[in-house]
Amino acid sequence: MKDIGIAPSILAADFGYLMRDIKAVENNADYLHIDVMDGHYVNNISFGIPVIQSIRKYTDMKFFTHLMITNPEQYIKAFADAGSDNITFHVECSEDPDALIDEIRALGKSAGISVHPDTPVEKVFPYIGKVDIILVMTVYPGFGGQGYLESSDERIRRLRKEIDDRHADTVISVDGGVCAENIKKIYEAGARLFVAGSSVFHADDPAAAVDELKRCCTLS
Ligand code: DX5
Ligand code: ZN
């Protein structure tokens, strides 16, 4: 993957005009971030497999499916078949993350593991080098539009150091509260793939908002 990437989260899109909103960012963004919530792991329900199948027909964007669901092992194949390119599950939701990672890979998809803000970041260290992406939640999962948790900086730094010490190529992604004002310092902490919902889709020009996030990140 490139040095930095932006993944707009469609949770912040207007679902009544979902393809219009996706089309607005498809040439500028690197991934489309797709938040699946089941009302069990998180206190909200978003959308699921049929929606992914539908939007898959109309864009070639890479789909990054963020599963905020219990029992993810029951649904990996369905989300792969629906058109996901990356499937990311929560470390808190799996008793056997290694098996899940293997299954995602066997389906030809890139694999990610995510960590809740209240879970020690060290909990995902065993998967460094095994997963393509570690998704550090920088808000409490379940809702868009929350503020970035400042305690995340230190967690990202610890994870960055561990990845670098092991010379692994696992990418650190962050999810929640990312905006033009804070993306640079999150980059400096060590993140490289930035999920952004509100700061992209609530902007007047979502494509320009993606470009602005990239620009802020690379400013010296
Ligand atoms: C929260 C989701 C995020 C959310 C980010 O549970 O996982 O992807 O859409 O939205 P913003 O960027 O608005 O915090
Ligand atoms: Zn997400």
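Six donors count as octahedral if opposite donors are over 155 degrees apart and all others between 65 and 115. Donors here are N, O and S atoms within 2.8 Å of the metal (3.2 Å for Na, K and Ca), and water is not among the atoms, so sites may look incomplete.

This is a predicted model, where local features need pLDDT of at least 70 and side-chain atom pairs count only at pLDDT 80 or more, while totals for chains, interfaces and linings use all residues. Residues are numbered from 1 along each chain as its sequence is written, ligands are numbered from 1 in the order in which they are written, and side-chain values use heavy atoms, without hydrogens and water.

I start with the metal. The zinc ion (ligand 2) has six donor atoms with angles of 71 to 171° among them, and its site is octahedral. The coordinating residues are His33 through NE2, Asp35 through OD, His66 through ND1 and Asp175 through OD, at 2.0 to 2.3 Å. Their spacing in sequence reads H-x1-D-x30-H-x108-D.

Are His33 and Asp35 buried or exposed? Buried means under 20% relative accessible area, exposed over 50%, partly exposed in between (1.4 Å probe, protein chains only). His33 is at 0% and Asp35 at 4%, so both count as buried.

Now ligand 1. There are 20 residues around ligand 1 (a heavy atom within 4 Å), and Asp35 and Asp175 are among those that come nearest. Polar contacts are pairs of N or O atoms within 3.5 Å. A polar side-chain atom of Asp175 lies 2.6 Å from an oxygen atom of ligand 1, and one of Ser9 lies 2.8 Å from an oxygen atom of ligand 1.

Note on methods
Tetrahedral: all angles 85-135°; square planar, octahedral: opposite > 155°, others 65-115°. Polar contact = N/O pair within 3.5 Å; in protein donor to acceptor, adjacent residues only side chain to side chain.
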